[in-house]
Amino acid sequence: MNRENEVVISHIRQEFSIGDKTLEVLKDINLELQGGSFVSVVGQSGCGKSTLLRIIAGLDIPTGGEVRIGGNPVQSVSPDVGILFQESRLLPWYNVEKNIAYGIQEKKNRKEIRDTVYELIELVGLKGFEKALPEQLSGGMQKRVAIARTLAARPKVLLLDEPFGALDAFTKMNMQEEILKLWKKEGITMMLVTHDIDEAIYLGEHVVVMSPKPGVIKRSFRIELTSDRSRTSAEFDRYRKEIFAEFFEDQTMVPEYQI
Amino acid sequence: MKKWKQLTGTDRILYALSVLLVAAILWYWQTGTDNGTLNKVLLSSPENVLKSFTQLWGKGSLQKHIFVSFQRVMTGFLFGAGAGIILGFILAAVPALKKLLSFLLGLIRPIPSMALFPLFILWFGIGETSKIIVIAFVSFWPTFLNTEEGVQQADKKLLELATVLQKGTVAKILTVILPSTIPYIFAGLRLAISRAWGGVVVAEMLAASSGIGFLIEYSRNMSQTASMFVGVLMIAIIGFILDLILKIIESRICYWHTGEIK
């Protein structure tokens, strides 16, 4: 187990004030991510899952509690933590190479930068598109560039904020595959925030279910799938049903229309 | 800018028709004044305008007028637009200063430049300075307002990304804010240059002994309709060319809008 990239979230509380009211977005969140593990967080929109992710990234300061990465408390953004946003967020004026190089954090000379970028382009399978501008790429390819850029910073922890939400179903499945490969290869601790239960099960070793108002962790599942991670297997379906039930336990699902 | 080859059939027809439209107006102008349906004294005719053009050009006075006006426009434009870009960035960067100056700028902005021109003459004399200042004044506003707007329109999500990637303020300005502001700046510059042309002509009509504006006003006094048209056409053509040049420069700098690979 790797202590350097473990994430410990303790007693995180986040409140926003809207007018004279205080909105409790997160209430006492405790979560431990072992180094090199993959945790998925699922929840409806408004459950505070993205807020939690922003706190881990150091983009938002929590009202209370603390996040430690590799033992050090998070105070602001750090090169150790990368984020993959829902949008690819590529600079439109930079080509693929330059966009990837934009992620490099260490001081490097020209040749080292070129080598790093070249390696990453190989890794995400964009050879031949080095000089292409973002607008010339498909959504999936843009996402690959964003992944390569995030990896260029050599993060110990990678936060994925509904990263494939805007992609079509097939590209999405491909990208999930790629992320799994990367995770196995690079040993980065990953935390995925999503509202897609299948995605959460497929990628995560653990699935954490959050519920809103205030945002709390409702339940945590350990996912044990056979190594091939078939989306159509019986065990996959069992997890899907269990997690599904978490969302609809107190209300019977009423179809909106009758066939 | 799109190349002719990239245009669809309908677009090609429409562009061809837009040229034909101008040709048709010229044709009607000529035949109308020839057969007397149009007043030749008030409208001259394309033939006479062309004659007047070759005459003025032959004497070398037209080139001189154009050059003088062009110089005034360029000098005033450089000062005005330059100040506009700089102040636009500063006010966008320092919201407190923007608020502080909001009332003052709000009061000055609606003043028509020509209302100020007599004052400029009083302060700076009837020479070049007052004309250049009035042109700088009209060039300033569109550039200033567009630059400021452009900085504010810089994508917050890209700025957040830059934060996550540990970019400092200078790097953020150079890699995110500046490039996203460029299209806005160019929109401002194109407006500014056409206003500058308008400004110089009026200034020259009021107080000058050279320049296109002077040529038009002088020809009016002499009842030379044809040379008035020469002046007007020169303004139209030069204004068109300047706008085209700015468009070309913009498409070279903002390559990411045109899909060109660099």
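Reader: How many helices and strands are there in chain A?
Author: This is a predicted model, in which local features need pLDDT of at least 70 and side-chain atom pairs count only at pLDDT 80 or more, while totals for chains, interfaces and linings use all residues. Residues are numbered from 1 along each chain as its sequence is written, with chains lettered from A and ligands numbered from 1 in the order in which they are written. Helices (H or I, at least four residues) and strands (E, at least two) are DSSP runs, numbered from the N terminus. Counted like this, chain A has seven helices and ten strands.

Reader: What is the radius of gyration of chain A?
Author: This value is taken over C-alpha atoms, and the globule rule is 2.2 Å times the number of residues to the power 0.38. For 259 residues the rule gives 18 Å, and chain A comes close to that, so it is as compact as a globular protein of that length. Its radius of gyration is 19 Å.

Reader: Which residues of helix α8 in chain B are buried, and what arc do they cover?
Author: Buried means that 20 or more other C-beta atoms, placed from the backbone, lie within 10 Å of the residue's own. In α8(B), residues 156-164, this holds for B:L158, B:L161, B:A162 and B:V164. They lie on the same side of the helix because their arc, that of the directions from the helix axis to the C-beta atoms, is only 160°.

Reader: Which elements do those buried residues pack against?
Author: Contact here is between two residues whose C-beta atoms, placed from the backbone, lie within 7 Å. The buried residues of α8(B) meet partners in both chains: α9 (169-206) of chain B, and in chain A, α1 (49-57) and β6 (81-84).

Reader: How many residues of chain A are in contact with chain B?
Author: On the chain B side, twelve residues take part. In chain A the number is 18.

Reader: Which strand pairs with β9 of chain A in the parallel sense?
Author: Strands pair if DSSP finds at least two bridges between them. β9(A), residues 206-211, has six bridges to β10(A), residues 216-222, but these two run antiparallel. The parallel pairing has four bridges, with A:V209 opposite A:V42. That partner is β3(A), residues 38-42.

Notes. A residue is buried if 20 or more other C-beta atoms lie within 10 Å of its own, exposed if 12 or fewer, and partly exposed in between; C-beta atoms are placed from the backbone.
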